[in-house]
Amino acid sequence: MSAGQPASAGNGQDPIIILTGVTKVYDMGKEQIHALRGIDLKISANEYISIMGPSGSGKSTLMNVIGCLDTPTAGRYEFEGELVCDVDGDKITRMDDDDLAGIRNRKIGFVFQTFNLLARTSALRNVELPLVYAGVSRKERSVRAREALEIVGLADRADHAPSELSGGQRQRVAIARALVTKPSIILADEPTGNLDSTTSREIMSFMDELHSQGNTIILVTHEADIAKHAHRVIHILDGQVASDERGAAAA
Amino acid sequence: MIETLRIAGSALWAHKFRAFLTTLGIAIGIFTIGVVMAIIEGLNTSFADQISHLGSDVLYVDKRAWFQGRDAWINARQRKNIGLDAVEYISARAQYVSHVSPRIFQRGQLKFREKSLDGIALMGVHADMAIIQGQEVVEGRFLSSLDTDHRRPVTVIGEAVRESLFEGQDAVGKRLTINGRKFLVIGVLEKQGTMLGRNLDNVAYVPAETFLKMFGRRWRNITIAVKASSPELVNDAKDELEGIMRRYRKLRPGQENDFAINQQSSLQEFYDKATGMLWMVAIGIGSISLIVGGVGVMNIMLVTVTERTFEIGIRKSLGARRSAILWQFLVESMVVSALGVLVGFVAASGTAIFIQNNTPLAARIPPTWLGLGIGVVVIVGLIFGLWPATKAARLDPIEALRYE
Ligand SMILES: Nc1ncnc2c1ncn2[C@@H]1O[C@H](COP(=O)(O)OP(=O)(O)OP(=O)(O)O)[C@@H](O)[C@H]1O
Ligand SMILES: [Mg+2]
């Protein structure tokens, strides 16, 4: 199997993600919505983290910032020693769009609650997509995408479009797509939110497997028994870190 | 690049009918330009063939210029007519000139026994005319200077006249009547074909002097055809002729010419002007339909970008750079446009071939135009695809993902 090989594998002490005072404010004209209010967080390689919290507390916003999809309105974010952005009042330092796209492409694998697969496009082609944008040759793309589909047990469904797959199968395609680039971290925002408990267990066993192979995993969930898979549980409340507990044993 | 083409192809395939409608605008534009240009191209070829009949080394001295504005034409009508004596006047003085002949024209009726032909071109000329116009006699002989000097009632007829009146029998030696006067046929001219839609073989040549005597000399204006000694000397001959004609007309220095010297090239100039206008019209219509087609492409691309916002979000979340998204949509709009060109070009070629084979018009589409058309349309696709593609490329990934 060829799952991720993070740059600094093992229980390294060097954090690969450092968030300092990360704040996100949505300016809605007459009112301002504080989605994140000064988040400080350090995440090291090969951690297995779950983020919990009530609806609207800012979990997805935090994931999007970590995943370089969104930029904070204040605070500092470093990813693998590189400064992604530093917003201090009017002083803004941030990577440009293409650099962010590069990080998303090579370093981060996303798994979304709604799968986010391209419709009318085969599973294989969906899994190939990140490799297309990484400039990998056609032949190698196809080989690696098939490998990834094999890992999630869908090699025989490579030519099926998402509409021909079950919810669980779709999410497995999404996981294959997330790991095909061998990213340093996998971000999963409620990956089991749309699935029944049996399928959820299946998906979580893939997550555990990926973690045991050295991947860093951050997952957002509402369910306590899903959160139990992680070794570190962070509770978010109203845009702030309410608690950060380590040591909970994995299943 | 191949990857981008593949993405564009499958995106278009997903909306086949819409893609087809989009290409239609461009296809119609290209079709219009194609057909008009094919006809002009065809006209050019046949026109070049036809005016070569006139001879590039022949000058025509006339009261008025062939092609000019209406005012100038009315003005020229008030000028004195040129008389037959000008022929002698010119040939006695001109040095750069080898042959001179009058050319008097009117339409008339020919009769042989019970058969009659109307609307035949009657030409009053001298013996030199056969050389000036480069005509061969296939039967009998052409007019001689004896015929003209003695105002003999003889005629040389065109091939079409012989066909109609004598139906394959010998024409030479037969007597026919022209406008009621008796003439003896002494020769038949070689077949000329048509020029600008007119049959050049519906003609009867008679001596100019006989013409004037029999059909009247009052109000009669004469054109004089002059052949330069060699094609290189045409311009010298023209200058010389102008001087001779000014003396003939007794013009003082500074007085305007009351005659004109026409030549093949003035016909060419007129033709160029006329087809130039056709070109402008074709380019006008074509550009308008291309712009309309282009705006159609832009409209559809804007709709497509909006519809596929979520898809763009997915691509961006997976690491697609701005340029990748930009090219994806640019290539899509160029492919749609190019398909339009192809369809329009094929339709125009088919129509051109149809016109060529089924109508008297000539039409031709040089294959190089396809390259030109595709070039033009790649540019059209680029211009009209640029805004929608830029819009797509600039989308914020997180907002695009939230769009449903
Ligand atoms: N684009 C936006 N414009 C305005 N407000 C927004 C926007 N996106 C999120 N918010 C607000 O920010 C806050 C945090 O949203 P977020 O999606 O991060 O919550 P969440 O913790 O993921 O909730 P859930 O568990 O329901 O997914 C919410 O109050 C939400 O209304
Ligand atoms: Mg959420």
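The legends below describe close-up views of a predicted model. In this predicted model, local features need pLDDT of at least 70 and side-chain atom pairs count only at pLDDT 80 or more, whereas totals for chains, interfaces and linings use all residues. Residues are numbered from 1 along each chain as its sequence is written, chains are lettered from A and ligands numbered from 1 in the order in which they are written, and side-chain values use heavy atoms, with hydrogens and water left out.

**View 1. Ligand 1 lies between chains A and B.** Of the 15 residues around the ligand, A:Ser55, A:Lys59, A:Ser60, A:Thr61 and B:Arg402 come nearest; a residue is near if one of its heavy atoms lies within 4 Å. Helix H1(A) gives the largest share of this shell, three residues. Helices (H or I, at least four residues) and strands (E, at least two) are DSSP runs, numbered from the N terminus.

**View 2. Polar atoms of both chains approach ligand 1.** A polar side-chain atom of B:Arg402 is 2.6 Å from a nitrogen atom of ligand 1. On chain A, a polar side-chain atom of A:His222 lies 3.2 Å from an oxygen atom of the ligand, and a polar backbone atom of A:Ser57 lies 3.2 Å from an oxygen atom of ligand 1. Alone, ligand 1 exposes 640 Å², of which the protein buries 70% (Shrake-Rupley method, 1.4 Å probe).

**View 3. B:Leu24 lies in helix H2 (residues 16-51) of chain B.** The residue is partly exposed, with a relative accessible area of 33%, because this class lies between buried (under 20%) and exposed (over 50%), using a 1.4 Å probe and protein chains only.

Note on methods. Polar contact = N/O pair within 3.5 Å; in protein donor to acceptor, adjacent residues only side chain to side chain.
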